[in-house]
Amino acid sequence: MDSLLEHLDRFSEVLAVSRTTHVSTWDPATVRRALQWAGYLRHIHRRFGRHARIRKALEQRLQNQWKQEGDSGPTPAPGLANFQALGHCDQLLSLQLLANPALGDASFHFLLQQLFPGPGVPDAEEEALQGSLARFARCRAAAHMLRFHAYRENPVLQKDSVMKTQAELLLRRLQEVGEAEAEGPGRLLSRLWERLPQSNFLKVVAAALLLPAASPRLQEEELGVGSPRTPGDGRQELLRWLLGKSDIAVAFCRNLPAELLTSVAGRHPELSPVYLGLLTNWGRQLHYDLPKGLWIGTEPQDVPWEELFSRFQSLCQAPPPLKDEVLTALKSYKAQDGDFEGNTSGNAMNKAYDWGKIFGKLHHTTFLCQKKECKEDEARKYKDDLQGTEAEI
Amino acid sequence: MAADSAGLPSNYEFWMQKLSVWTQASTLETQRDICLHLPQFQEFLRQMHETLKEMDSNTIIERFPTIYQLLAKSCWSPFILAYDESLKILIWCLCCLIKKDPQNSRESKLNSWTRRLLSHIVSTSRFDIKEVGLFNQVLGYAPTDYYPGLLKNMVLSLVSELRENRLNGFNSQRRMSPERVRSLSRICVPLVTLPDFEPLVEALLTYHGHEPQEVLWPEFFDAVNEAFLLKKISLPTSAILCLWLRHLPSLENTMLHLFEKLISSERNSLRRIECFMKESLLPEAAACHPAIFRVVDEIFRSALLETDGAPEVLAGIQVFTQCFVEALEKENKQLKFALKTYFPYASPSLVMVLLQHPKDIPQGLWHQSLKCISEMLKEVVEDYGSYGGPFESWFLFVHFGGWADITAEQLLMSEAEAEPPEALLWLLAFSCSPGAGHQQRAQIMVEVKTVLGHLTKLFRSPALSARDLQAAAEENQGGDPRPPACQQLVRRLLLYFLLWAPGGHAIAREVITLMAQTDAIMNEIIGLLDYTLYRWDHLCMEARRSRKLARELLTELREQASPRQVNQ
C-alpha cells in the first residue's frame with residue numbers, strides 16, 4: 001500500500017514537471033519510464049476501481065497534494081484531480097508532453113513512436129492509448145465545431161452548456177475536496193474568488209446552485225460504484241460559503257440579474273431572507289426628491305429605483321412559498337410605514353416615512369401588476385400616477 | 001503497393017488542388033464539397049501514410065515537396081479533423097515527418113513547425129474559451145476532464161431544442177429556425193460516428209419541422225446510413241425508419257448492401273442470412289410502414305427478374321418475409337395498416353391465408369389451407385383476373401415459400417392407394433414452373449403423379465434399396481424429356497422421401513450420390529437441406545430423426561463441396 005502511495009506521489013511530480021521546461025533534460029529512456037508509470041497507475045485504476053479501501057486511500061493522497069499546493073503561491077497546475085483521473089493519467093501526461101516545446105527532438109520522436117504506433121498494432125494497451133488520444137482530439141474538435149456553427153448562448157444562464165459544464169465541475173471538485181477535509185471547500189471557493197474574474201465566477205456559482213439534483217443512479221455511474229458521496233453536498237457547501245461571506249453575498253445579489261436570483265432564492269430558501277434583507281437595505285438608501293418627482297439614492301453606488309423595482313417584481317412572480325414570503329415582507333414594511341404616517345419631524349423620521357412609502361408603492365404596484373398580469377411599463381405608469389399624487393401632499 | 005504509389009502522384013495533385021479551394025473560403029458550397037469527399041480523402045490519407053512510412057523525411061521532401069502544405073491545409077479544416085479516423089491518420093503522417101535528429105537550422109525549423117502543428121491538432125487549444133481555461137486551471141481540472149462534459153451538455157441542449165420544436169409548434173420562442181437545423185445537420189456529417197453525437201443524430205432524424213420540403217442535408221442522411229451499415233453507429237429502429245422514409249437512396253443502399261451479402265462467394269446458411277436480415281432492420285421497418293415494404297419488395301422483384309430467379313435472391317425474399325411476418329406479429333396484434341397497402345396486387349383473402357403461420361394451424365388441417373391457396377391461385381392464374389398475371393401470383397406465393405414444401409411433404413406422406421388431390425398437384429406444378437402454359441402444367445402434374453404413386457408405395461416398406469428409388473424416379477421411357485424445373489421437383493420429392501420415410505435413412509447417402517451428377521445439383525441439394533432445417537425450426541417441428549439426418553447430410557455435403565470452408 002505504501003509503495004503504491006509513493007508511486008502516486010512520484011508520478012504527480014512527474015506530471016507537474018512535464019509541463020515545465022525541465023523536460024529538456026529528459027532523454028527517451030526517461031520518457032519511456034514516465035509512460036510506464038502512467039500505464040501502471042492506469043492499471044491500478046482498473047484493478048482497484050471497486051475496492052473501496054484502496055480507492056479511498058489513493059483519493060485521500062491526491063486531495064492532500066491538492067491541499068499542499070495550497071492557498072498561497074502560484075495557481076496549482078492541473079494534476080491528478082481524483083481517483084477517476086487515474087483512469088486516463090497516461091492521456092494527461094501524453095498531452096502535456098506533446099504540447100511542451102522544451103522536449104528534445106529525440107525524446108519527442110520517441111514519444112510519438114510510443115503514442116502513435118500506426119495501424120494494425122498488436123498490443124492492446126498501445127492501441128487503447130492511441131485510440132483514446134484520437135478520440136479526445138476528435139471530441140474537442142467536435143465541441144469547437146458545435147460552438148462555432150450551431151451554438152447559441154442560452155439566455156437562461158443555468159441552461160447554457162458552457163455555464164452548466166463549469167458548474168458541474170465546480171460541484172464535483174467541491175465534493176472531492178470536502179471528502180478529504182471539512183474546510184476544504186470553503187478554502188477552495190475563497191481561492192477561486194481571489195483568482196478568477198468575479199462576475200464570471202458568480203455566474204458559475206449561481207448556475208451550480210441551480211443544477212438539477214442528479215439521480216442517484218447517474219451519480220453512481222459517474223463516480224463509480226461504492227462511492228460514498230451524495231449529490232447535494234457540493235451545493236450545500238457552496239451555499240454555506242456564500243452566505244458566510246457577507247461581501248461576496250452582497251456582490252452576488254447585486255451583480256447577477258433579477259431573474260437568476262429569483263430562481264436561486266426559490267430553490268434555496270436560506271438565501272431569500274439574506275436577499276430580501278439586502279433589498280430592504282438598498283431601499284433604505286433611497287429618498288424621494290420632490291422637485292424631480294423621483295426616488296433617488298444619495299451615493300453613486302446606490303441601487304437605483306428601477307432595478308430595485310424589477311427585482312421585487314421578479315420575486316413576486318416566483319412560485320410560492322417565495323412569492324408569499326416576499327409579499328408578506330412588503331406588507332409588513334407598509335404597515336411599518338403606516339405607523340410613521342403623519343410624523344414628518346426630523347430627517348431620520350423623514351427617511352422612515354419615505355421608506356414606508358417606497359414599499360407601499362412597490363407592494364401596490366407589484367401586487368397590482370400580478371393581479372392584472374400587466375407589463376412593466378404599465379406598472380411604471382401607475383407608479384408615476386402615485387408619485388404624482390404624492391407630490392401634491 | 002506498386003499500383004498504389006503509381007496512382008498516388010495524380011491523386012496527390014487532385015487533392016492538393018481540392019484543399020486549396022477548400023481552405024480559400026468556408027462557404028456552404030465548399031462545406032458541401034468537403035462533406036462529399038470525406039471518405040475518399042480519408043482513403044487517400046491512408047495511402048499517403050502507407051507510402052510515407054517507408055521513407056525517411058529527406059526522401060519524403062524530395063518525392064513530395066509540397067507535403068507540408070498538404071498536411072497543413074488538411075489540418076485547418078475542422079470538418080476533416082472531425083471525420084472518422086482522418087485525424088488519427090493525419091497524426092501518423094505528421095509523425096513520419098518528425099526528425100529525431102535535425103542536422104541544420106532548416107531541418108530544425110521544419111521540425112518545430114511540424115511539432116506545433118501536431119500539438120495543435122491533438123489539443124486544438126487555440127479555440128478554447130479563455131475564461132473557461134483559467135477556471136479549469138484554478139479548479140485543477142485538465143481539458144480531458146472538461147471537454148467530454150461540455151460536449152455532452154451541448155448535445156443535450158441541442159437535442160432539447162430540437163424536441164421543443166415538436167412539442168410547441170409555432171408558439172415556442174426557442175424554436176430552432178430551419179436554417180439552423182440545416183446547418184446542424186451539416187455539422188453532423190463528419191461526426192455521425194462519434195458516439196457522443198448519437199442522441200443528436202437521432203433527434204435530427206426524428207425532427208419534424210413545419211416546412212413543406214426537407215430541411216436536412218441529403219449528405220447527412222447518406223452519412224448516417226453509411227455509418228449504420230458499417231455498424232459504426234447504433235440507432236433505435238424508429239430513427240432508422242425516419243431515415244429511410246425521408247431519404248429513399250438510403251433505403252436503396254441498404255438493400256444493395258444486403259444483396260452484396262446474399263450473393264457473396266461464400267454460400268451462406270439461411271441462419272446467417274436471417275441474422276443479416278434482422279440486423280439490417282429491414283423487416284422491422286417494413287412492418288412499421290408499408291411504404292418501406294413496398295420499396296423493398298419492388299427491389300426484390302427486380303432482382304429476381306434480372307437474375308432469372310437466382311436461388312440466393314429467392315432465399316433472401318423468403319427469409320425477409322419470414323422476419324417481416326414475425327415483426328408484424330410483434331408490432332401489433334391488429335394491423336395498423338390494411339393488408340392491401342402491403343400487397344396491393346393480390347386478393348386480400350389469398351394474402352390472409354398465406355400469412356397464416358402453419359404452426360398456428362393444426363397439422364391435420366394443413367390440407368385445407370393448401371387446397372384453399374391452390375384454388376385461389378388457380379383462379380387468378382387461369383382466369384387472368386384483376387390481380388395481375390401468373391408472375392405476380394407466383395411472386396406472391398414464393399414469399400411464403402414454406403407452403404410449397406409443405407405441399408410436397410403432405411403428398412409424400414399420404415395414403416399409398418389414395419389419389420393425390422388435384423389441387424395440391426397443381427400447386428406443386430405451379431410453384432416450380434409458373435410460366436408454363438396449361439398444357440405443360442398438365443404434363444408436369446401427370447409426371448409428378450406417377451412419381452408420387454411409386455414413392456408412396458415405397459414409403460412404408462422397411463427395407464429399401466437405392467435401386468428402388470432410382471426406378472421410382474425414372475422418367476417415362478419414350479415420352480418427352482422432363483423439363484428441368486420438373487427434374488428439380490422430383491429431386492425435392494426424393495430428398496423429402498429420404499428424410500421422412502423410415503427406410504430412407506439407410507440409403508440416403510447412396511441415393512444422393514446418384515442424384516448429384518453435377519456441382520449445380522449438389523449445391524441445389526445443399527440449399528434444399530439448409531432450407532428444410534430452417535423451415536422446420538420455424539415450424540417448431542420435432543421430427544428428431546429426420547432432423548438429425550438432415551443436419552448430418554448437410555455437414556457432410558458441405559465438407560465435400562468445399563473442404564476448406566465449413567460454413568455454419
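**Pockets and cavities**

The second largest pocket in this predicted model holds about 1,200 Å³ of space. Its lining is made up of 38 residues, and those closest to its centre are Pro311(B), Glu312(B), Leu314(B), Gln488(B) and Glu524(B).

Which helices contribute at least two residues each to the lining of this second largest pocket? In chain B they are H15 (270-279), H18, H22 (390-399), H23, H24 (422-432), H27 (484-500) and H29. H29(B) provides the largest share of that lining, with nine residues. In terms of residue class, the lining of the second largest pocket comprises 21 nonpolar, nine polar and eight charged residues.

Twenty residues, written 20 on the slide, line the largest cavity; nearest its centre lie Gln322(B), His357(B), Pro358(B), Phe400(B) and Gly402(B).

Which helix gives the largest share of the lining of the largest cavity? That helix is H29(B), with five residues. At least two lining residues of the largest cavity come from each of four chain B helices: H18 (311-331), H20 (348-355), H23 (402-412) and H29 (519-539). By class, 10 residues of this lining are nonpolar, nine are polar and one is charged.

To close, let me set the two sites side by side. H29(B) supplies the largest share of the lining of the second largest pocket, and H29(B) likewise supplies the largest share of the lining of the largest cavity. Thank you.

Conventions: Residues are numbered from 1 along each chain as its sequence is written. Chains are lettered from A and ligands numbered from 1 in the order in which they are written. This is a predicted model: local features need pLDDT of at least 70, side-chain atom pairs count only at pLDDT 80 or more; totals for chains, interfaces and linings use all residues. Side-chain values use heavy atoms; hydrogens and water are left out. On a 1 Å grid over the protein atoms alone, a cavity is a set of points where a 1.4 Å probe fits but cannot get out, and a pocket is an open set with protein on both sides within 12 Å along at least five of seven lines; lining residues have an atom within 4 Å of a point. Ala, Val, Leu, Ile, Met, Phe, Trp, Tyr, Cys and Pro count as nonpolar, Asp, Glu, Lys and Arg as charged, and the others, Gly among them, as polar. Grid points are joined across faces, edges and corners, and a volume is the space filled by probe spheres set on the points.
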